[in-house]
Amino acid sequence: MFMLTTGLVRAYTSARAALAGTYFQEGRDLAAQGRYEQAIENYRRAISFNPGDAGYRLQLAQALVHTGRLAEAEAHLDELHDEDPTDAVVNLALARIYAMKNDVSDAVSWYHRAIYGLWGDRPQQNRIGAR
């Protein structure tokens, strides 16, 4: 019985991850076409199947920025920042939101966090870009 239950749980988990991945990829494709409203819906679906994926949540926040929904994007980014304050990509996204809101003081603070944060790839180039 234990083996059957374990197998069913694995199959269920795998199916949820596959659905999340499919919705996420569709969202990325839509965002690349500039269809952000539709991308947002797909990102939300992906998150519903895999709520712990920070990459999904980051893409959702970035799509929200493109649609001008800064407060909602900021809320998602704040959660991501709370989970990992050193994430330079999240810090840069927050810096850009504050810059869009003409909040110079907070924007500068977030840009500094982005510059000195941890970049997953091309850290030197990304630091320069953030500056």
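Mentor: Two residues are in contact when heavy atoms of theirs lie within 4.5 Å. The model is a predicted one.

The C-alpha trace spans about 60 × 30 × 25 Å along its principal axes. Of the 131 residues, 33% are buried. The exposed surface comes to about 7,900 Å², and carbon and sulfur atoms supply 56% of that area. Among contacts between residues at least 6 apart in sequence, 38% join residues at least 24 apart.

Now the interior itself. In soluble globular proteins, nonpolar side chains tend to be buried together. Here the largest nonpolar core holds 28 residues, and those that touch the most other members are Tyr43, Tyr56, Leu60, Ala73, Leu77, Val90 and Ile97. At least two residues of this core come from each of helix 1 (2–32), helix 2 (36–49), helix 3, helix 4 (70–83), helix 5 and helix 6 (104–115). The biggest share is from helix 3, which gives 7 residues.

Neighbours within four places in sequence aside, Tyr56 is in contact with Ala20, Gly21, Phe24, Ala46, Ile47 and Asn50. Of these partners, Ala20, Gly21 and Phe24 fall in the span of helix 1, while Ala46 and Ile47 fall in that of helix 2.

On helix 4, consider His76. His76 is classed as buried because its relative accessible area is 19%, and the class takes values under 20%. Beyond residues up to four places away in sequence, His76 touches Arg44, Leu60, Ala61 and Leu64. Leu60, one of these partners, is also among the core residues that touch the most other members.

The largest pocket comes next, with a volume of about 210 Å³. Its lining consists of Gln62, Val65, His66, Val89, Leu92, Ala93, Arg96, Ile97, Met100 and Trp119. Helix 3 (54–66) and helix 5 (88–100) are the elements that give two or more residues to this lining, and helix 5 gives the most, 6 residues. By class, the lining has 7 nonpolar, 2 polar and 1 charged residues. Arg96 is the charged one, because Arg is counted in that class.

The pocket lining and the cores share residues. Ile97 lines the pocket and is also among the members of the largest core that touch the most others.

Gly117 lies in the loop between helix 6 and helix 7. At a relative accessible area of 5%, Gly117 is buried. Its contacts, leaving aside neighbours within four places in sequence, are Thr86, Ala88 and Arg127.

Asp106, in helix 6, is partly exposed, with 32% relative accessibility. Its C-alpha atom and that of Glu74 are separated by 13 Å, at a distance of 32 residues along the chain.

Most residues other than glycine have a negative phi. Asn102 has a positive phi, near 60°. Asn102 sits in the loop between helix 5 and helix 6 and is exposed, at a relative accessible area of 67%. Arg122 also has a positive phi, near 45°. Arg122 belongs to the loop between helix 6 and helix 7 (123–130), and its relative accessible area of 51% makes it exposed. Gly117, which is buried, is found in the loop between helix 6 and helix 7 too.

Terms used
Residues numbered from 1 in each chain as written. Predicted model: local features only at pLDDT ≥ 70, side-chain atom pairs only at ≥ 80, totals over all residues. Heavy atoms only, no water. 1 Å grid on protein atoms, 1.4 Å probe; cavity = no way out; pocket = protein on both sides within 12 Å on 5 of 7 lines; lining within 4 Å. Points joined across faces, edges and corners; volume = space filled by probe spheres on them. Helix = DSSP H or I, 4+ residues; strand = E, 2+ residues; numbered from the N terminus. Core = buried A, V, L, I, M, F, W, Y, C linked by side-chain atoms within 4.5 Å. Buried < 20%, exposed > 50% of the residue type's maximum accessible area, 1.4 Å probe, protein only. Areas by Shrake-Rupley, 256 points an atom, 1.4 Å probe, with all protein chains shown as cover.
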